[in-house]
Amino acid sequence: MAGERAELSVRDAASGAFAGHIQLMNIVPPLAQGMIGYGLHNRFRGRGFMTRAVRLLADWAYAATPLHRLVAGTAVHNTASQRVLERAGFTREALIKELLPAPGGGRHDDVQWVRLRG
């Protein structure tokens, strides 16, 4: 690792099937902050895969790096992703109005989440 990002796959332990992916990215050393992003295939949703992956990545990041803040963003309507972050120890920090580009040229709001070291 060059300290810039970590990209990992999420697999079903029983079958070894690829279930999704998770990244630690957008590292900002002066802020001691990194961002977590993830995606999960539909057939693996609702089984705790991503909650476990987010917890494991956050725990690793705090054990292996000097990061102090981990952030993640979700679309306002993506309540499943918001529940993942809550279960993984993140708290809602802010609502950023019209941050995300939307199909057709519009904009969507973004809910920002944070998990602090300690």
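The model is predicted, so local features need pLDDT of at least 70 and side-chain atom pairs count only at pLDDT 80 or more, while totals for chains, interfaces and linings use all residues. Residues are numbered from 1 along each chain as its sequence is written, and side-chain values use heavy atoms, with hydrogens and water left out.

Let me begin with the helices, which are DSSP runs of H or I with at least four residues, just as strands are runs of E with at least two, both numbered from the N terminus. Helix 1 (residues 49-64) packs against helix 2 (residues 79-87) at an angle of about 45 degrees, and their axes are 9 Å apart; these axes are lines fitted to C-alpha atoms over the stretch in contact, with angles running from 0 to 180 degrees between N-to-C directions. The two helices are therefore oblique to each other, a word for whatever is left once angles under 35 degrees count as roughly parallel, over 145 as roughly antiparallel and 65 to 115 as roughly perpendicular.

Which residues in helix 1 and helix 2 meet? On the side of helix 1 they are M50, T51, V54 and R55, and on the side of helix 2 they are V84, L85 and R87, where contact means heavy atoms within 4.5 Å.

Turning to the largest pocket, which is an open set of points on a 1 Å grid where a 1.4 Å probe fits, with protein on both sides within 12 Å along at least five of seven lines, we find that 26 residues line the largest pocket, with Y38, N78, A80, S81 and V84 nearest its centre; lining residues have an atom within 4 Å of a point.
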